[in-house]
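Dear colleague,

Please find the structure below.

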Amino acid sequence: MEGKFKIDKKVILVYSILAIMLISIFISINKGIKNGFTDKEGFNTVKAKIIEMLYDNTNKKPERKDANYCRYQEFKIRIEDGKHKNEVYTMRNTVETMDVYNIIVSKGDEIFVCVSENNDGKIVNLHIFDISREKYIYIFIGLFFILLLVIGGYKGAKSIITLILTAFMVVKVLLPLILKGYNPITVTIFVCIIIVSSTLLIISGINRKTLTAILGTLGGVFTAGVMSLIVGYAAKISGLANEDVQMLAYLPNRMNMDFKGILFAGIIIGALGAVMDVSMSIASAMHEIEEVKPDISNKALIKSGMNIGKDIMGSMSNTLILAYTGSALELMLLFMASSTTFREIINLDMVSAEIIRAIAGSIGLALTIPLTVIIAANIRNHKSSK
Amino acid sequence: MKINKKEIFALLGIISFIIIAIILTNIITQNNNIVFNKKSSNYIYAKGRVEKIFYDDTDIKDKGKNDNYLRKQELNIKILTGNNKGELYKIRNTIETIDVYHIIVHEGDKVLLNMTEDGSGKLTSIHIYERNREPYVYFMTILFVVSLIVVGGKQGAKSVITLIITGILIIKVLLPLILCGYNPIILTIILCTVIVMITLFIIGGINKKTLTAAFGTLGGVLIAGIISQIVGYGAKVTGLADEHAKTLAFLHNSIHLNFKGILFAGIIIGALGAVMDVCMSIASSMSEIVELKPKISNKQLIKSGMNIGKDIMGTMSNTLILAYVGGTFQLLLLLMAENVSYTQIVNLDMIISQIITALSGSIGLVWSIPITVFIGVLFNKIKSYGGNHGR
């Protein structure tokens, strides 16, 4: 039995090395994609700091209702990066108060400006792109990582590594491959297998518990995916109701992308974290029970596993639903304010797609529980028969 | 038996509380019907079924040089609901192929119709508004409820009840009050307290364990909210980057709404489920440990609680992040396809809001671990003190 176990370890090690190799292959693919993109010529964005305000009437309320709704600010900026670094320009920022989203700046603010150059490389036009916000995001991410380390210690460090790995797989592998025209469903399944195996291997090491959790997670996530595909097909969800997807479809050469597949990919990725959590909890608890009572019968083990699963389910079933409700809050407010009837709302492609997303994920979550329990019992049989 | 009575009372209390909350909300919103301009249009909606298609040129891909990108379907439609039930009409469905989202129907398809009528109740126009998708949404919901009950038994049934209560409170109380102009931050905090209490009491019964989890959840959620407010203020997030928020702001009398507060409300509600889950797990394990070893020292109990918390954190820290990545998947694809540079993406209000949502939820999640452990120990102390006193 000892020997068997060692071989198991080796197999999994080889598997993780394979995963790393695959990742490096995809990095090289990525490079090819980057070159394929069109570059915007004569138009780029640089960081700048506002050093002096020259004119500003944005704090004045319009005197009459029919007054001119355009107000403006004039100020001096100093460009802080790019080849025009340290050059000072005077520019104007027009604020249309009719618009709800507008940028009003004050002295000392850091902003991004779009600059266009003429053939001599001189700046001919300046335009505000947005306020510089990246600083806060880096502070925020740093804060999160420190917190994970302080509260979780060694385990927190492991979580950070898995988070970075997951982000890398999504941003550098999944998204570019989908954009390149590969089938989103196949690519997502492939990426999910890598994310799940590497995350769980890193968090709980190479052992039977991890294997159970990996298989349980993949089972649960794919149940969610298959469910969403079937219902989505029956309800004729186009995958095109989302504003961002519509814009994507308007881009040249993107019309024939598999938008239903992209919706499916979003559902799978969204459910992944929650399902992984449930599956790992059950696998871990069942392993613990086995340790404490190695001669427990399969039936009793399954029963214990299901009991634990039921306890977890109580508070877990609303995790995904609340997460999606939180991000759809503005949409819900909008519908309520425009007094749209319930029937109009629920039949909309956009809304049906959102509901299917939340519920398919949650169903996958619920079914992960029996799946993980059965897999744990089966793997144990396999081992004890050897 | 006594405990059962207590629980029944609690349940009755919860139900009456919810009913009172809804009635109060209705009274408030009726006095404040500036926002709710009840049914400004004369459109009526009904379900219909496509009976027969006479003419259809939607399968022609390209009409050549003079293609106007317009295709049409002429069809007979039978109205299935409403005043005009059973009547048959001939309508035309025009499709602009230049639009990416369009509805092409087949015989037998059920659709939602958008109709107008004249003074005598005769229909003057009929349009196809959307496909009839609600049966599938209901099917999916029922499948979910069945899964919960089959897998979870009594616990599953309890989850269903808590989900329904949460849904009712958000849709019937929180959203209408926000639209009336009340402070979304205060409203959300109050509502979350109610949701957390009710959910945890129903799932875990009324005891020390649930109380610990409830306080831990509120602590974690509040931290998420406060952090998102601070970073949001620093990064000058407007709350208006979201398309839906923008459209809402354009609606009559909605411009005065507190959009930053609404973003905050979304963050709190989004984090609520995950935080509740973590706190309940820790509180439950800690009460189990105290049960097994009642004489455990505070220091040891804290250590055990933190160990459990660390184990949970490993898989839990990515739950919210992945959920939000899944939700913004299409946006990420769009930005990547447009070849928007990394600096541009990371400074966009829209993206920043999403990152803040995901990260402040996760930070709240991590903080809820020590908070719950601390409260658990505190309650354990209070109880043992009280117990000694009693004797």
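What radius of gyration does chain B have, and what would a compact globule of 391 residues have? Chain B has 27 Å, whereas a compact globule of 391 residues would be near 21 Å; the radius is taken over C-alpha atoms, and the globule rule is 2.2 Å times the number of residues to the power 0.38.

Please note that this is a predicted model, in which local features need pLDDT of at least 70 and side-chain atom pairs count only at pLDDT 80 or more, while totals for chains, interfaces and linings use all residues. Residues are numbered from 1 along each chain as its sequence is written, and chains are lettered from A and ligands numbered from 1 in the order in which they are written.

Chain B

Along the principal axes, the C-alpha atoms of chain B fill a box of roughly 90 × 55 × 45 Å. Of its 391 residues, 45% are buried (20 or more other C-beta atoms within 10 Å of a residue's own, with C-beta atoms placed from the backbone). Chain B has ten helices and five strands; these are DSSP runs numbered from the N terminus, with helices being H or I of at least four residues and strands E of at least two.

The five strands form an open sheet in the order β3-β2-β1-β4-β5 (chain B), with antiparallel pairing; two strands pair if DSSP finds at least two bridges between them. β3 and β5 (123–131) of chain B stand at the edges with a single partner strand each, so one side of each lacks a neighbour in the sheet.

Within this sheet, seven bridges pair β1 (residues 44–56) with β2 (residues 70–79) of chain B, and B:Lys52 has B:Asn76 in β2(B) as its bridge partner. β2(B) is joined to β3 (residues 88–96) of chain B by nine bridges. There, B:Lys78 stands opposite B:Leu88, and B:Glu74 has B:Arg92 as its bridge partner.

Chain A and the interface

In chain A, helix α4 (residues 208–234) has 27 residues. Of these, 19 are buried, so α4(A) is largely enclosed by the rest of the structure. Just after α4(A), A:Lys236 takes a positive phi of about 50 degrees.

Between the chains, 109 residues of chain A are in contact with 113 residues of chain B (C-beta atoms, placed from the backbone, within 7 Å).

Yours sincerely

Definitions and conventions. Contact = placed C-beta atoms within 7 Å. Buried ≥ 20, exposed ≤ 12 C-beta atoms within 10 Å, placed from the backbone. Expected span 1.5 Å × (residues − 1).
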